[in-house]
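Please keep the sequence and the coordinates at hand while reading.

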Amino acid sequence: MPRIENRAFDDLAIGDKHVYAHTLTPEDFARFARAAGDLDPAAAESGLPATNGFEAIAGGATWAGALIASVIAGQFPGLGSQLVRLSLTDQGQAAPGDVVTLAAEVAARGEGRRVTLDLRAVNQRGEAILSGRAEVVAPSEKIARGRARGARGGEIHEKGRRYRRLLELTRGLRPLRTAVGHPVDEASRVGAVEAAREKLIEAVLIGPEEKIRRAAEASNVDLAGFEIVAAPHSDAAADAAVAMARDGKAEAIMKGALHTDELMRAVVDGASGLRTARRITHVFAIDAPTYPRPLFITDAAVNIYPTLIDKRDIVQNAIDLARALGILTPRVAILSAVETVSPDIRSTIDAAALCKMADRGQIVGAILDGPLAFDNAVSEEAALAKGIVSPVAGRADILVAPDLEAGNMLAKQLEYLAGAEMAGIVLGARVPIMLTSRADKTMARLGSCAIALALARRAR
């Protein structure tokens with residue numbers, strides 16, 4: 001279980017610094033105020049009301065006062081702190097989706113365990129949005145305790161819960177007319193039928209008709225009302241599905257009981273495929289029970305050894321997907337084996353270049369950092385131990401793998417060793433492509449359909 005530790009007065013020295021990054025949401029004021037429940041403002045000394053109503057403290061920037069009070073109460077100095085006085089200067093605007101990085105530095109120590117903190121916050125573009133100073137009574141002793149389950153950063157949730165939330169997100173959206181390629185095994189056939197029943201797709205089944213019907217009867221699946229397009233074998237089914245999408249007769253494609261390379265060969269064909277100006281890439285949407293936020297891994301199925309320019313499209317496609325699913329400003333971790341740039345490890349050079357491309361507007365809509373090792377990308381404790389100060393480290397929404405091998409192994413390790421659910425989708429083509437594995441369960445297939453539906457409808 002993650003641990004919360006404070007900093008006692010005797011452990012604080014002038015120049016000590018704490019940095020905290022957070023993506024603002026409309027609900028932040030109320031949530032930060034609740035999180036600051038351990039804070040006991042010294043009302044008699046400060047002249048402020050003895051409440052958690054930080055509007056009075058923060059002046060016009062209520063979210064800022066609540067955020068600062070939450071950090072003081074829960075992180076630096078932490079448990080047992082008392083806020084005496086807080087003065088802020090609002091230097092800029094902040095809105096939901098902005099990533100605010102708040103730095104608190106010890107500027108002075110005094111009698112009665114008084115500590116003065118200099119405060120400064122910047123947004124994702126490095127623009128100063130507030131500065132100020134807080135006078136705090138620091139804790140007298142060290143306190144450490146486990147973070148309760150369900151608390152920020154330590155959430156444990158039921159397996160598959162995020163996919164069910166995703167299904168709710170798509171309620172009321174018009175189903176996607178979907179070409180299902182070669183659904184002749186039980187998993188792909190049932191997945192397509194269940195997705196149609198959930199009103200995610202309008203399934204068109206493409207393959208050997210007799211084999212599709214015979215297999216459906218054997219598993220008691222009723223195909224009444226489903227359109228079937230005859231195709232003699234899997235290659236022909238892939239070609240027919242792509243042709244339907246190219247001709248505007250299908251809004252999406254779902255992989256059935258055929259190999260990924262069979263389907264993708266038809267998709268990427270230069271003359272008859274579904275290419276666009278954007279490179280075709282793959283994203284796994286991961287529902288990991290022990291990770292406190294949705295997680296996306298890219299590319300784990302299409303681009304084997306991507307170049308830097310390929311990775312630009314890989315990153316941008318994943319960002320666009322995350323934003324379509326409601327993550328206003330995704331945090332993107334560019335993975336490597338280490339967190340420092342080394343000329344001997346190409347992925348670290350690519351990571352640094354991608355971050356600079358984001359600075360120059362060649363990648364938009366997210367916050368990038370890298371290179372980051374996997375532990376630093378997903379664990380705040382690991383990042384802190386290595387002294388990594390980053391709005392992404394420990395809080396990544398998107399993990400960009402160095403190559404297909406690393407991404408595929410990482411995703412499947414999460415599935416088989418950590419109990420994660422995975423839904424796969426291909427982006428960058430004319431239509432979304434649900435690239436599920438033949439071993440995927442129904443929930444993962446439904447998750448892929450919901451992602452495709454949300455992406456297609458909300459993008460428009």
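**Helix packing, a cavity and backbone geometry**

Helix H8 (residues 234–246) and helix H9 (residues 260–267) have axes that come within 9 Å and cross at roughly 40°. Helices (H or I, at least four residues) and strands (E, at least two) are DSSP runs, numbered from the N terminus; axes are lines fitted to C-alpha atoms, for helices over the stretch in contact, and angles run from 0 to 180 degrees between N-to-C directions. The model is predicted, with local features needing pLDDT of at least 70 and side-chain atom pairs counting only at pLDDT 80 or more, while totals for chains, interfaces and linings use all residues. Residues are numbered from 1 along each chain as its sequence is written, and side-chain values use heavy atoms, with hydrogens and water left out.

H8 and H9 are therefore oblique to each other, given that angles under 35 degrees count as roughly parallel, over 145 as roughly antiparallel, 65 to 115 as roughly perpendicular and the rest as oblique. The crossing of H8 with H9 is right-handed; that is, the near helix is turned clockwise from the far one by less than a right angle, anticlockwise being left-handed. On the H8 side, Ser234, Asp235, Ala238, Asp239 and Val242 take part, and they meet Glu262, Leu263, Arg265, Ala266 and Val267 of H9, where contact means heavy atoms within 4.5 Å. This contact comprises 5 nonpolar, 1 polar and 4 charged residues (Ala, Val, Leu, Ile, Met, Phe, Trp, Tyr, Cys and Pro count as nonpolar, Asp, Glu, Lys and Arg as charged, and the others, Gly among them, as polar).

A further pair is formed by helix H10 (residues 308–324) and H11, which pack at an angle of about 55° with their axes 10 Å apart. H10 and H11 are therefore oblique to each other, and their crossing is right-handed. H10 contributes Leu308, Lys311, Arg312 and Val315 to the contact, and H11 contributes Arg346, Ser347, Asp350, Ala353, Leu354 and Met357. These residues divide into 5 nonpolar, 1 polar and 4 charged.

Rolling a probe the size of a water molecule over the atoms shows where empty space is left. The structure holds 1 cavity of 30 Å³ or more; on a 1 Å grid over the protein atoms alone, a cavity is a set of points where a 1.4 Å probe fits but cannot get out, and lining residues have an atom within 4 Å of a point. The largest cavity contains about 30 Å³ of space, the volume being that filled by probe spheres set on grid points joined across faces, edges and corners. Its lining consists of Lys311, Ile334, Leu335, Ser347, Asp350, Ala351, Val400, Ala401 and Pro402. Strand E14 (331–335) and helix H11 (346–359) are the elements that give two or more residues to this lining, and H11 supplies the largest share, 3 residues. By class, the lining has 6 nonpolar, 1 polar and 2 charged residues.

The peptide bond from phenylalanine 76 to proline 77 is cis, with omega near 0°, and proline 77 is placed in the loop between helix H4 (62–74) and strand E3 (82–90). Glycine 370 and proline 371 are likewise joined by a cis peptide bond, with omega about 5°; proline 371 lies in strand E15 (residues 367–372). Histidine 182, although not a glycine, has a positive phi of about 60°, and is located in the loop between strand E8 (176–181) and helix H6 (186–197).

Definitions and conventions:
1 Å grid on protein atoms, 1.4 Å probe; cavity = no way out; pocket = protein on both sides within 12 Å on 5 of 7 lines; lining within 4 Å.
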